[in-house]
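Let's walk through this structure chain by chain, then look at how the pieces meet. Keep the 3D view open as you read.

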Amino acid sequence: MMSAADFAAIRLTLELAAVTTAILLVIGTPVAWWLARTRSAWKGAVGAVVALPLVLPPTVIGFYLLVMMGPHGPVGQLTQALGLGLLPFSFAGLVVGSVFYSLPFVVQPLQQAFEAIGERPLEVAATLRAGALDTFFSVVLPLARPGFVTAAVLGFAHTVGEFGVVLMIGGNIPEKTRVVSVQIYDHVEALEYAQAHWLSAGMVAFSFLVLFLLHSRKRGGAR
Amino acid sequence: MQSLLARLLCAAVLSCGTARAAEVSVAVAANFTAPMQKIAAEFERDTGHKAQLAFGATGKFYAQIRNGAPFEVFLSADDTTPAKLEEEGTVVAGSRFTYAIGKLALWSAQPGVVDDKGEVLRRGAFAHLAVANPKTAPYGVAALEVLRKLGVADALAAKLVTGENIAQTHQFVASGNAELGFVALSQVWSDGRLTGGSAWRVPAELHAPLRQDAVILAKGRDKPAARALADYLRGAKAAAIIKSYGYGQ
Amino acid sequence: MSSAAAEPLPGAGIEACFRLAWPGFALDAALQLPGRGVSALFGHSGSGKTTLLRCLAGLERATDGYLAVRGEVWQDDARAVFVPTHRRPLGYVFQEASLFPHLSVRRNLEFGLRRVAAAERRVSLDHAIALLGIEPLLERMPERLSGGERQRVAIARALATSPRLLLMDEPLAALDAQRKAEILPYLERLHGELDIPVVYVSHAPEEVARLADHVVLLRDGRVLASGAIDEVMPRLDLPFAHDEEAFVVVDAQVAGRDERFALTRLEFGGLPLWITGLEAPLGAQVRARVLARDVSLALAERHDSSILNVLPARVVSLDDASPGRTLVRLDVAGRALLARITTRSAVQMGIAPGMSLFAQVKGVALLR
């Protein structure tokens with residue numbers, strides 16, 4: 001059966017995923033909006049950076065995050081100068097890593113949702129006296145709502161399933177950085193297969209449920 | 001024309017066959033990465049056999065070997081895992097031997113952080129102390145033993161960060177994210193001296209000996225190259241290399 | 001003949017000048033439109049009429065532009081003035097209704113209304129709803145409306161913002177004939193009941209004839225002609241007159257009726273014009289259409305034919321439109337009529353500018 005450490009890992013994982021998703025929605029929305037609307041030459045470069053975590057091995061991301069957030073890295077120097085200390089081995093560090101790691105899973109559905117809206121509703125809103133911000137909240141957000149749901153669910157689920165990055169920058173500290181995936185890995189390494197099974201089966205069930213809900217929602221939405 | 005093609009095919013098949021016969025697939029504990037690369041190079045030069053090396057955590061190799069991984073020789077980071085494999089009958093009986101005795105070092109990437117008596121542990125003026133995961137890595141077990149013997153285990157418990165294996169532990173310290181950590185001496189020691197930073201070579205009496213055993217696995221039973229590598233590891237040339245990385249024998 | 005006389009005074013109307021260059025298309029248009037009634041931007045697709053309309057709305061940013069509506073400057077690039085679309089008191093009706101799919105009809109109507117200061121509201125929501133006859137649709141979602149209903153809601157939505165300029169981009173183009181017929185009366189009511197200048201993009205002469213007071217003819221991004229509809233349509237130097245279905249419009253008053261024969265007598269410039277039917281009420285201002293091919297010419301006033309309307313006319317100009325055909329522009333009591341006759345008849349009759357003769361009008365259709 002599951003131990004207190006397992007439950008602590010589950011709680012930590014859910015916390016991490018919730019905080020990460022919230023942050024991603026806040027910063028992903030303007031990024032996705034910009035990507036969906038811009039004709040700038042930078043669009044390709046920014047889009048590629050956002051998509052990087054899709055193709056990079058998590059170890060690469062984790063390694064660079066470790067170096068960048070370390071005492072000699074630019075991010076580390078910044079956080080130290082701000083009096084925040086160093087990010088690796090902390091919950092905040094995991095959040096930063098997860099935000100980058102799950103970025104495309106939030107930005108891309110949002111971008112697609114924004115692109116699907118097209119120019120016309122924005123023009124209509126402008127001719128009905130709505131300014132840009134007003135239009136965004138009264139027209140774009142409601143029309144892109146399915147995109148937001150998809151983005152939030154994928155961002156959350158992907159963060160829950162994160163392993164390599166956490167392993168690289170987390171330091172496996174109970175209740176601080178030891179998330180479920182790391183806990184499973186430890187169980188397997190220590191040949192505690194029964195406990196590994198409980199957590200792994202839970203992950204499989206969770207992921208299936210999330211994807212199932214997402215897909216049935218999509219089918220329902222298409223009508 | 002046809003006979004020429006046949007002869008070419010024949011030659012290709014034969015050359016493949018001989019090449020495979022002269023290769024040996026080796027699972028190597030992460031702490032032994034650097035010396036093993038040197039030894040493999042010498043081994044190939046002296047015998048013509050090529051050693052294919054895979055590095056990783058001993059616990060992971062154990063699980064993989066039990067599940068049919070194609071390794072022929074296993075250089076473990078401890079002596080219990082090879083013993084367990086021997087009991088389970090997945091090794092060539094009687095092939096087990098100690099190829100090195102690991103030395104633990106308390107190391108910092110910064111000069112002057114770690115003194116040569118390990119007093120830095122008692123002062124505790126640091127945020128993170130990296131150790132290998134004691135659940136899976138022998139060096140992690142030894143590191144916790146040292147902390148207990150020094151009486152600082154409880155005081156430092158909150159500062160421990162755990163690397164998945166000794167290689168990642170070294171990475172935490174090398175990147176400066178952990179100010180210091182227990183690593184394998186072999187990782188920071190080359191040609192008889194420290195390669196950088198500051199270190200305390202932990203006295204052997206502070207922890208159970210880190211006996212590192214090697215075995216020929218069942219899959220290497222009929223491979224001459226596997227036997228040759230095992231012999232080579234016990235030879236004088238390998239011994240010199242192993243010693244130069246700070247291991248005992 | 002020149003359209004200059006009909007131009008409104010600057011300040012009362014709409015003054016616009018836009019230049020814009022895209023790959024493969026350039027707009028270079030300067031125009032003055034009256035501050036009331038319907039102005040039609042007419043031309044083939046690609047002539048720049050929609051682009052011009054979007055420039056008026058500020059949806060397209062002309063590089064070197066000037067726009068003043070009833071004395072208010074909305075764009076003056078020479079002085080770096082550009083009022084963004086959402087600050088312009090205009091209404092815009094797109095070709096496809098473009099209702100917000102997430103809002104009910106009522107909420108769609110209120111969207112613009114709520115963003116207009118109470119003091120600026122001159123068209124009440126109820127009035128807009130009544131004008132377009134959409135009362136029964138208010139609680140429906142846009143997806144449950146027909147194409148014609150959607151477009152009526154879109155027009156009402158634009159009106160509810162009390163615009164000082166209403167821009168319509170082929171609002172009927174996406175609809176079939178039946179739906180068009182359903183909406184046109186509503187558009188005519190707008191014209192009659194609201195004092196809002198309308199700029200209406202169209203490529204259908206029918207629509208223009210029914211709705212427009214002023215016509216701007218565009219070709220390749222340039223203004224070919226601009227003026228009152230009864231001046232522009234008969235001009236022999238413009239493509240209108242050369243169309244197979246070329247016509248002129250005649251604004252007239254209903255002066256009498258002959259109940260026995262079911263005929264209505266219109267009067268324009270003191271001359272009678274009989275049309276069949278008794279629909280138009282006495283005294284009403286109506287617009288009739290006379291096709292060029294329905295007008296024939298005679299040197300003497302004859303009463304021995306079946307043709308009801310024979311009007312004294314003077315030849316203004318001629319044009320050999322196509323082989324064997326001649327277009328004749330006539331002056332009938334100060335109004336222009338077009339007659340399309342064979343070139344042989346024109347030569348045999350010796351028709352020349354300044355000549356007096358009689359126009360026999362075979363058919364007159366009431367437009368509104």
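A residue is called buried here if 20 or more other C-beta atoms lie within 10 Å of its own, exposed if 12 or fewer, and partly exposed in between, with the C-beta atoms placed from the backbone. By that count, 47% of the 249 residues of chain B are buried. Before going further, some housekeeping: this is a predicted model, in which local features need pLDDT of at least 70 and side-chain atom pairs count only at pLDDT 80 or more, while totals for chains, interfaces and linings use all residues. Residues are numbered from 1 along each chain as its sequence is written, and chains are lettered from A and ligands numbered from 1 in the order in which they are written.

Let's stay with chain B. Its C-alpha trace spans about 80 × 35 × 30 Å along the principal axes. Helices (H or I, at least four residues) and strands (E, at least two) are DSSP runs, numbered from the N terminus, and chain B has 11 helices and 12 strands. Next come contacts: two residues are in contact if their C-beta atoms, placed from the backbone, lie within 7 Å. Among the contacts in chain B between residues at least 6 apart in sequence, 79% join residues at least 24 apart.

Chain B also splits into domains, with bounds that come from an automatic or database domain assignment. Domain 1 covers 22-101 + 210-244, and domain 2 covers 103-206. Their C-alpha centres lie 26 Å apart. Where they meet, 14 residues of domain 1 of chain B are in contact with 16 residues of domain 2 of chain B. On the domain 1 side, helix H2 (33-47) and helix H3 (58-66) of chain B are the elements that give two or more residues, and H2(B) has the largest share, 3 residues. For residue classes, Ala, Val, Leu, Ile, Met, Phe, Trp, Tyr, Cys and Pro count as nonpolar, Asp, Glu, Lys and Arg as charged, and the others, Gly among them, as polar. That gives 7 nonpolar, 6 polar and 1 charged residues on the side of domain 1 of chain B that touches domain 2 of chain B.

On to chain C. You'll find 8 helices and 21 strands in this chain, and its C-alpha atoms fill a box of roughly 65 × 50 × 35 Å, taken along the principal axes. Buried residues make up 42% of its 368 residues. The radius of gyration is taken over C-alpha atoms, and the globule rule is 2.2 Å times the number of residues to the power 0.38. For 368 residues a compact globule would come out near 21 Å, and the 22 Å of chain C agrees with that. Residues 24 or more positions apart account for 67% of the contacts in chain C with a separation of 6 or more.

Among the strands of chain C, look for an open, antiparallel sheet of 5 strands in the order E14-E13-E12-E15-E21; two strands pair if DSSP finds at least two bridges between them. Strand E14 (271-276) and strand E21 (365-366) of chain C stand at the edges with a single partner strand each, so one side of each has no neighbour in the sheet. Further in, 7 bridges join strand E12 (residues 247-258) of chain C to strand E15 (residues 285-291) of chain C. Gln253(C) stands opposite Gln285(C) in E15(C).

So how do the chains meet? Of the 2 pairs of chains in contact, chains A and B share the most contacts. That contact takes 16 residues from chain A and 15 residues from chain B. On the chain A side, H10(A) gives the most, with 3 residues, and the classes there are 10 nonpolar, 4 polar and 2 charged. The contact between chains A and C takes 13 residues from chain A and 17 residues from chain C. Here H6(A) gives the most to the side of chain A, with 6 residues, and that side divides into 8 nonpolar, 2 polar and 3 charged. Chain B and chain C do not touch, and their nearest C-alpha atoms are 51 Å apart.
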